[in-house]
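Let's take a friendly walk through the bonds and contacts that link one part of this chain to another. Please have the sequence and the model open as you read.

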Amino acid sequence: MIEKAKGETAYLPCKFTVGSEDQGPLDIEWLLSPADNQKVDQVIILYSGDKIYDDYYQDLKGRVHFTSSDVKSGDASINVTNLQLSDIGTYQCKVKKAPGVANKKIQLTVLVKPSGTRCYVDGSEEIGSDFKLICEPKEGSLPLQYEWQKLSDSQKMPTSWLAEMTSSVISVKNATSEYSGMYSCTVRNRVGSDQCLLRLDVVPPANRAGTIAGAIIGTLLALVLIGLIIFCCHKKRREEKYEKEVHHDIREDVPPPKSRTSTARSYIGSNHSSLGSMSPSNMEGYSKTQYNQVPSEDFERTPQSPTLPPTKFEYACKTDGITVV
(Lines give C-alpha, C1' and ligand atoms only; values in the text may rest on other atoms or scores of the structure.)
Protein backbone atom coordinates (compact mmCIF):
# COMPACT_ATOMS: atom_id res chain seq x y z
CA MET A 1 0.00 0.00 0.00
CA ILE A 2 1.42 3.34 -1.04
CA GLU A 3 -0.21 6.76 -0.41
CA LYS A 4 0.99 9.86 -2.17
CA ALA A 5 -0.24 13.39 -2.70
CA LYS A 6 -1.49 14.68 -6.02
CA GLY A 7 1.39 16.09 -8.08
CA GLU A 8 4.07 14.08 -6.30
CA THR A 9 6.10 11.11 -7.60
CA ALA A 10 5.35 7.54 -6.57
CA TYR A 11 8.13 4.95 -6.39
CA LEU A 12 6.85 1.44 -7.09
CA PRO A 13 9.51 -1.18 -6.17
CA CYS A 14 9.99 -4.45 -8.06
CA LYS A 15 13.27 -6.36 -7.63
CA PHE A 16 14.01 -9.90 -8.75
CA THR A 17 16.71 -12.58 -8.95
CA VAL A 18 17.22 -15.09 -11.74
CA GLY A 19 17.80 -18.78 -11.04
CA SER A 20 20.50 -20.83 -12.76
CA GLU A 21 17.85 -22.80 -14.58
CA ASP A 22 16.23 -19.68 -16.06
CA GLN A 23 17.80 -19.48 -19.47
CA GLY A 24 15.07 -17.88 -21.60
CA PRO A 25 14.84 -14.22 -22.70
CA LEU A 26 13.98 -11.64 -20.01
CA ASP A 27 10.57 -9.96 -20.26
CA ILE A 28 9.33 -7.37 -17.74
CA GLU A 29 5.78 -6.07 -17.83
CA TRP A 30 3.93 -3.52 -15.66
CA LEU A 31 0.13 -3.50 -15.71
CA LEU A 32 -2.46 -1.20 -14.13
CA SER A 33 -5.82 -2.39 -12.87
CA PRO A 34 -7.77 0.88 -12.51
CA ALA A 35 -9.93 1.54 -9.46
CA ASP A 36 -12.89 1.56 -11.83
CA ASN A 37 -13.55 -2.16 -12.25
CA GLN A 38 -15.26 -1.51 -15.57
CA LYS A 39 -11.87 -0.88 -17.21
CA VAL A 40 -9.60 -3.73 -18.28
CA ASP A 41 -5.97 -4.05 -17.22
CA GLN A 42 -3.63 -1.76 -19.11
CA VAL A 43 0.04 -2.37 -19.96
CA ILE A 44 1.87 0.82 -18.95
CA ILE A 45 5.52 -0.09 -19.62
CA LEU A 46 7.34 -3.10 -21.09
CA TYR A 47 10.87 -4.42 -21.37
CA SER A 48 11.42 -7.07 -24.03
CA GLY A 49 14.30 -7.99 -26.34
CA ASP A 50 16.57 -5.47 -24.63
CA LYS A 51 14.18 -2.63 -25.55
CA ILE A 52 11.82 -0.44 -23.44
CA TYR A 53 8.31 0.38 -24.57
CA ASP A 54 6.56 3.07 -22.49
CA ASP A 55 3.83 4.39 -24.78
CA TYR A 56 1.18 1.74 -24.27
CA TYR A 57 -1.11 3.73 -21.92
CA GLN A 58 -2.01 7.23 -23.06
CA ASP A 59 -2.94 8.54 -19.57
CA LEU A 60 0.57 7.77 -18.28
CA LYS A 61 2.53 8.54 -21.40
CA GLY A 62 5.70 10.43 -20.47
CA ARG A 63 5.08 9.96 -16.73
CA VAL A 64 6.26 6.38 -16.11
CA HIS A 65 9.94 5.27 -16.22
CA PHE A 66 12.21 2.45 -15.03
CA THR A 67 14.37 3.65 -12.15
CA SER A 68 17.39 1.58 -13.23
CA SER A 69 19.31 2.11 -16.41
CA ASP A 70 20.00 -1.67 -16.51
CA VAL A 71 16.88 -3.65 -15.64
CA LYS A 72 18.72 -6.97 -16.31
CA SER A 73 20.62 -6.38 -13.07
CA GLY A 74 17.52 -7.34 -11.11
CA ASP A 75 15.73 -3.97 -10.60
CA ALA A 76 12.45 -3.50 -12.47
CA SER A 77 11.16 -0.69 -10.19
CA ILE A 78 9.38 2.32 -11.77
CA ASN A 79 8.54 5.92 -10.95
CA VAL A 80 5.17 7.50 -11.74
CA THR A 81 5.56 11.27 -11.80
CA ASN A 82 3.04 14.13 -11.41
CA LEU A 83 0.42 11.89 -9.85
CA GLN A 84 -3.24 12.45 -10.71
CA LEU A 85 -6.40 11.07 -9.17
CA SER A 86 -6.85 8.93 -12.27
CA ASP A 87 -3.64 7.07 -11.36
CA ILE A 88 -5.32 5.36 -8.40
CA GLY A 89 -5.39 1.57 -8.78
CA THR A 90 -3.48 -1.67 -8.45
CA TYR A 91 -0.10 -1.92 -10.23
CA GLN A 92 1.32 -5.35 -11.05
CA CYS A 93 4.94 -6.15 -11.93
CA LYS A 94 5.51 -9.37 -13.95
CA VAL A 95 9.00 -10.81 -14.57
CA LYS A 96 9.42 -13.75 -16.96
CA LYS A 97 12.61 -15.65 -17.80
CA ALA A 98 11.64 -19.10 -18.90
CA PRO A 99 10.92 -21.25 -17.23
CA GLY A 100 10.77 -18.83 -14.23
CA VAL A 101 7.81 -16.43 -13.71
CA ALA A 102 7.16 -14.03 -10.79
CA ASN A 103 4.85 -11.06 -10.05
CA LYS A 104 4.14 -8.44 -7.42
CA LYS A 105 1.10 -6.16 -6.77
CA ILE A 106 1.11 -2.68 -5.28
CA GLN A 107 -1.94 -0.64 -4.30
CA LEU A 108 -1.45 3.07 -5.07
CA THR A 109 -3.66 5.73 -3.51
CA VAL A 110 -3.46 9.35 -4.59
CA LEU A 111 -4.70 11.94 -2.09
CA VAL A 112 -5.18 15.70 -2.35
CA LYS A 113 -3.50 17.91 0.21
CA PRO A 114 -5.67 20.48 1.99
CA SER A 115 -5.28 23.87 0.29
CA GLY A 116 -7.00 27.22 -0.12
CA THR A 117 -8.28 27.09 3.46
CA ARG A 118 -10.45 30.07 4.49
CA CYS A 119 -11.47 31.19 7.98
CA TYR A 120 -14.46 33.49 8.47
CA VAL A 121 -17.25 34.51 10.87
CA ASP A 122 -20.85 33.65 10.04
CA GLY A 123 -23.01 36.14 11.95
CA SER A 124 -22.75 39.46 13.79
CA GLU A 125 -19.68 39.95 15.97
CA GLU A 126 -21.55 41.78 18.74
CA ILE A 127 -21.67 41.30 22.49
CA GLY A 128 -24.49 38.96 23.46
CA SER A 129 -25.01 37.63 19.93
CA ASP A 130 -24.56 34.12 18.51
CA PHE A 131 -22.31 33.39 15.56
CA LYS A 132 -20.05 30.72 14.09
CA LEU A 133 -16.33 30.43 13.37
CA ILE A 134 -15.85 28.44 10.18
CA CYS A 135 -12.71 26.79 8.79
CA GLU A 136 -13.20 25.71 5.18
CA PRO A 137 -10.53 24.24 2.84
CA LYS A 138 -11.05 24.65 -0.89
CA GLU A 139 -9.86 21.08 -1.56
CA GLY A 140 -8.46 18.12 0.36
CA SER A 141 -9.00 14.37 0.48
CA LEU A 142 -10.92 12.90 3.37
CA PRO A 143 -10.58 12.27 6.21
CA LEU A 144 -9.70 15.80 7.34
CA GLN A 145 -8.68 16.81 10.84
CA TYR A 146 -9.12 20.32 12.28
CA GLU A 147 -7.33 22.09 15.09
CA TRP A 148 -8.21 25.57 16.44
CA GLN A 149 -5.80 27.70 18.47
CA LYS A 150 -5.90 31.18 20.00
CA LEU A 151 -2.73 33.10 19.22
CA SER A 152 -3.29 36.33 21.18
CA ASP A 153 -3.89 37.44 24.77
CA SER A 154 -3.89 34.50 27.19
CA GLN A 155 -3.90 31.99 24.29
CA LYS A 156 -6.59 30.08 26.15
CA MET A 157 -9.67 29.02 24.30
CA PRO A 158 -13.03 29.64 26.00
CA THR A 159 -14.13 26.61 27.99
CA SER A 160 -17.41 26.35 26.10
CA TRP A 161 -15.48 25.89 22.85
CA LEU A 162 -13.33 22.95 23.91
CA ALA A 163 -15.77 20.33 22.62
CA GLU A 164 -15.52 21.79 19.10
CA MET A 165 -11.78 22.47 18.92
CA THR A 166 -11.32 19.64 16.40
CA SER A 167 -14.34 20.58 14.28
CA SER A 168 -14.54 22.74 11.17
CA VAL A 169 -17.22 24.90 12.87
CA ILE A 170 -17.25 26.46 16.33
CA SER A 171 -20.66 27.69 17.52
CA VAL A 172 -20.38 30.78 19.74
CA LYS A 173 -23.24 31.53 22.13
CA ASN A 174 -23.80 34.82 24.00
CA ALA A 175 -20.47 36.29 22.90
CA THR A 176 -18.40 38.50 25.22
CA SER A 177 -15.52 40.89 24.54
CA GLU A 178 -13.14 38.29 26.06
CA TYR A 179 -13.57 36.21 22.92
CA SER A 180 -11.79 38.85 20.82
CA GLY A 181 -8.36 37.96 19.47
CA MET A 182 -6.43 36.19 16.72
CA TYR A 183 -7.23 32.54 15.98
CA SER A 184 -5.73 29.91 13.69
CA CYS A 185 -7.21 26.79 12.14
CA THR A 186 -5.03 23.94 10.85
CA VAL A 187 -6.44 21.34 8.47
CA ARG A 188 -4.65 18.00 8.01
CA ASN A 189 -4.96 14.73 6.18
CA ARG A 190 -2.52 11.86 5.60
CA VAL A 191 -0.54 13.66 2.91
CA GLY A 192 -0.40 17.30 4.00
CA SER A 193 -1.80 20.26 5.93
CA ASP A 194 -2.91 23.86 5.48
CA GLN A 195 -3.68 26.79 7.81
CA CYS A 196 -5.71 29.99 7.94
CA LEU A 197 -5.95 32.92 10.37
CA LEU A 198 -8.99 34.74 11.74
CA ARG A 199 -9.24 38.06 13.61
CA LEU A 200 -12.29 38.16 15.91
CA ASP A 201 -13.50 41.52 17.26
CA VAL A 202 -16.51 41.31 19.57
CA VAL A 203 -17.95 44.85 19.89
CA PRO A 204 -20.97 46.46 21.61
CA PRO A 205 -24.22 46.37 19.63
CA ALA A 206 -24.67 49.14 17.09
CA ASN A 207 -27.31 51.88 17.50
CA ARG A 208 -29.88 50.31 15.21
CA ALA A 209 -32.50 53.00 15.88
CA GLY A 210 -30.15 55.71 14.64
CA THR A 211 -29.20 53.61 11.66
CA ILE A 212 -32.85 53.05 10.71
CA ALA A 213 -33.70 56.76 11.17
CA GLY A 214 -30.74 57.76 9.02
CA ALA A 215 -31.82 55.33 6.32
CA ILE A 216 -35.38 56.72 6.34
CA ILE A 217 -34.19 60.34 6.17
CA GLY A 218 -31.81 59.52 3.38
CA THR A 219 -34.59 57.81 1.43
CA LEU A 220 -36.93 60.80 1.86
CA LEU A 221 -34.25 63.24 0.72
CA ALA A 222 -33.59 61.10 -2.31
CA LEU A 223 -37.31 61.07 -3.18
CA VAL A 224 -37.52 64.87 -2.80
CA LEU A 225 -34.50 65.33 -5.04
CA ILE A 226 -35.97 63.03 -7.68
CA GLY A 227 -39.26 64.97 -7.50
CA LEU A 228 -37.47 68.30 -8.03
CA ILE A 229 -35.58 66.93 -11.00
CA ILE A 230 -38.81 65.65 -12.58
CA PHE A 231 -40.58 68.99 -11.93
CA CYS A 232 -37.75 71.03 -13.48
CA CYS A 233 -37.62 68.80 -16.54
CA HIS A 234 -41.40 69.04 -16.99
CA LYS A 235 -41.33 72.83 -16.63
CA LYS A 236 -38.53 73.19 -19.14
CA ARG A 237 -40.39 71.04 -21.66
CA ARG A 238 -43.53 73.18 -21.29
CA GLU A 239 -41.53 76.37 -21.88
CA GLU A 240 -39.86 74.93 -24.95
CA LYS A 241 -43.24 73.81 -26.31
CA TYR A 242 -44.78 77.28 -25.73
CA GLU A 243 -41.87 79.08 -27.44
CA LYS A 244 -42.17 76.74 -30.40
CA GLU A 245 -45.92 77.40 -30.76
CA VAL A 246 -45.46 81.20 -30.55
CA HIS A 247 -42.73 81.07 -33.16
CA HIS A 248 -45.00 79.29 -35.63
CA ASP A 249 -47.88 81.76 -35.02
CA ILE A 250 -45.87 84.82 -36.19
CA ARG A 251 -46.71 85.73 -39.82
CA GLU A 252 -44.18 88.00 -41.42
CA ASP A 253 -46.10 88.43 -44.73
CA VAL A 254 -49.09 90.36 -43.21
CA PRO A 255 -48.55 94.20 -43.42
CA PRO A 256 -49.45 96.36 -40.41
CA PRO A 257 -52.95 97.98 -40.48
CA LYS A 258 -53.26 101.55 -41.85
CA SER A 259 -54.01 104.33 -39.41
CA ARG A 260 -57.52 105.68 -39.35
CA THR A 261 -56.36 109.24 -40.00
CA SER A 262 -54.45 108.36 -43.17
CA THR A 263 -57.38 106.29 -44.43
CA ALA A 264 -59.79 109.14 -43.97
CA ARG A 265 -57.50 111.67 -45.60
CA SER A 266 -56.86 109.52 -48.60
CA TYR A 267 -60.55 108.92 -49.02
CA ILE A 268 -61.41 112.61 -48.83
CA GLY A 269 -58.59 113.53 -51.17
CA SER A 270 -59.79 111.11 -53.78
CA ASN A 271 -63.30 112.53 -53.58
CA HIS A 272 -61.97 116.09 -53.77
CA SER A 273 -60.08 115.39 -56.95
CA SER A 274 -63.10 113.81 -58.55
CA LEU A 275 -65.40 116.78 -57.88
CA GLY A 276 -63.59 119.07 -60.22
CA SER A 277 -64.53 117.03 -63.24
CA MET A 278 -68.21 116.71 -62.45
CA SER A 279 -70.90 118.52 -64.38
CA PRO A 280 -74.11 119.91 -62.96
CA SER A 281 -75.90 116.91 -64.29
CA ASN A 282 -74.20 114.53 -61.88
CA MET A 283 -73.72 116.80 -58.87
CA GLU A 284 -77.08 115.91 -57.46
CA GLY A 285 -76.32 112.17 -57.41
CA TYR A 286 -72.89 112.73 -56.02
CA SER A 287 -74.09 114.81 -53.07
CA LYS A 288 -76.55 112.13 -52.13
CA THR A 289 -74.34 109.06 -52.26
CA GLN A 290 -70.60 109.76 -51.97
CA TYR A 291 -70.38 110.37 -48.25
CA ASN A 292 -72.51 107.39 -47.51
CA GLN A 293 -69.77 105.16 -49.01
CA VAL A 294 -67.15 106.01 -46.35
CA PRO A 295 -66.89 103.01 -43.97
CA SER A 296 -68.08 103.86 -40.47
CA GLU A 297 -65.20 101.88 -38.87
CA ASP A 298 -62.65 104.34 -40.31
CA PHE A 299 -64.04 107.27 -38.32
CA GLU A 300 -64.55 107.74 -34.63
CA ARG A 301 -66.53 110.96 -35.09
CA THR A 302 -69.09 112.36 -37.55
CA PRO A 303 -67.39 113.24 -40.83
CA GLN A 304 -67.53 116.88 -41.96
CA SER A 305 -68.26 117.98 -45.49
CA PRO A 306 -65.08 119.10 -47.23
CA THR A 307 -64.73 122.72 -48.37
CA LEU A 308 -64.67 122.68 -52.10
CA PRO A 309 -63.24 125.53 -54.24
CA PRO A 310 -65.65 127.40 -56.48
CA THR A 311 -66.15 125.73 -59.77
CA LYS A 312 -66.76 127.49 -62.99
CA PHE A 313 -69.64 126.16 -64.99
CA GLU A 314 -69.83 126.95 -68.67
CA TYR A 315 -73.13 126.96 -70.55
CA ALA A 316 -72.95 127.38 -74.28
CA CYS A 317 -75.89 128.50 -76.38
CA LYS A 318 -75.68 128.84 -80.04
CA THR A 319 -78.43 130.87 -81.75
CA ASP A 320 -78.35 132.00 -85.36
CA GLY A 321 -74.56 131.57 -85.51
CA ILE A 322 -73.89 133.70 -82.38
CA THR A 323 -72.39 132.00 -79.42
CA VAL A 324 -73.05 133.42 -75.92
CA VAL A 325 -70.96 132.40 -72.91
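A residue is called buried here when its relative accessible area is under 20%, exposed when that area is over 50%, and partly exposed in between, using a 1.4 Å probe and protein chains only. The model is a predicted one, in which local features need pLDDT of at least 70 and side-chain atom pairs count only at pLDDT 80 or more, while totals for chains, interfaces and linings use all residues. Residues are numbered from 1 along each chain as its sequence is written, and side-chain values use heavy atoms, with hydrogens and water left out.

**Disulfides**

How many disulfides does the structure hold? There are 3 of them, counting as a disulfide any pair of cysteine sulfur atoms within 2.5 Å. Such a link is a covalent bond between the sulfur atoms of two cysteines.

| Pair | S to S distance | Torsion about the S-S bond | Handedness |
|---|---|---|---|
| Cys14 and Cys93 | 2.0 Å | about -70° | left-handed |
| Cys119 and Cys196 | 1.7 Å | about 50° | right-handed |
| Cys135 and Cys185 | 2.1 Å | -95° | left-handed |

Where do these cysteines sit? Helices (H or I, at least four residues) and strands (E, at least two) are DSSP runs, numbered from the N terminus. The disulfide of Cys14 and Cys93 has its sulfur atoms 2.0 Å apart. Cys14 lies in the loop between strand S2 (10–12) and strand S3 (26–34), and Cys93 in strand S8 (residues 89–97), so this pair ties together parts that are 79 residues apart in sequence. Cys14 is buried at a relative accessible area of 4%, and Cys93 is buried at 1%.

The next disulfide joins Cys119 to Cys196. With Cys119 in strand S10 and Cys196 in strand S15 (residues 192–200), the pair ties together parts that are 77 residues apart in sequence. Cys119 and Cys196 are both buried.

When the bonded cysteines of the protein chain are numbered in sequence order, the pairing reads 1-2, 3-6, 4-5. Cys233 is in no disulfide, and its nearest cysteine sulfur, that of Cys232, is 6.9 Å away. For Cys232, the closest cysteine sulfur is in Cys233, too far for a bond. Cys232 is partly exposed at 46% relative accessible area, and Cys233 is partly exposed at 40%.

**Salt bridges**

The structure also holds 7 salt bridges, where a salt bridge is a side-chain nitrogen of Lys or Arg within 4 Å of a carboxyl oxygen of Asp or Glu. One of them brings Lys72 and Asp50 together at 3.9 Å, N to O. Lys72 is in the loop between strand S6 (64–66) and strand S7 (78–80), and Asp50 in the loop between strand S4 (42–48) and strand S5 (51–53), so the pair ties together parts that are 22 residues apart in sequence. Asp50 is exposed, at 56% relative accessible area.

Another salt bridge pairs Arg118 with Glu136 (3.6 Å, N to O). Arg118 belongs to strand S10 (residues 118–122) and Glu136 to strand S11 (residues 131–136), 18 residues apart. Arg118 is partly exposed at 45%, as is Glu136 at 37%.

Arg199 and Asp201 also meet in a salt bridge, at 3.3 Å from N to O. Arg199 is partly exposed, with 47% relative accessibility, and Asp201 is partly exposed with 37%.
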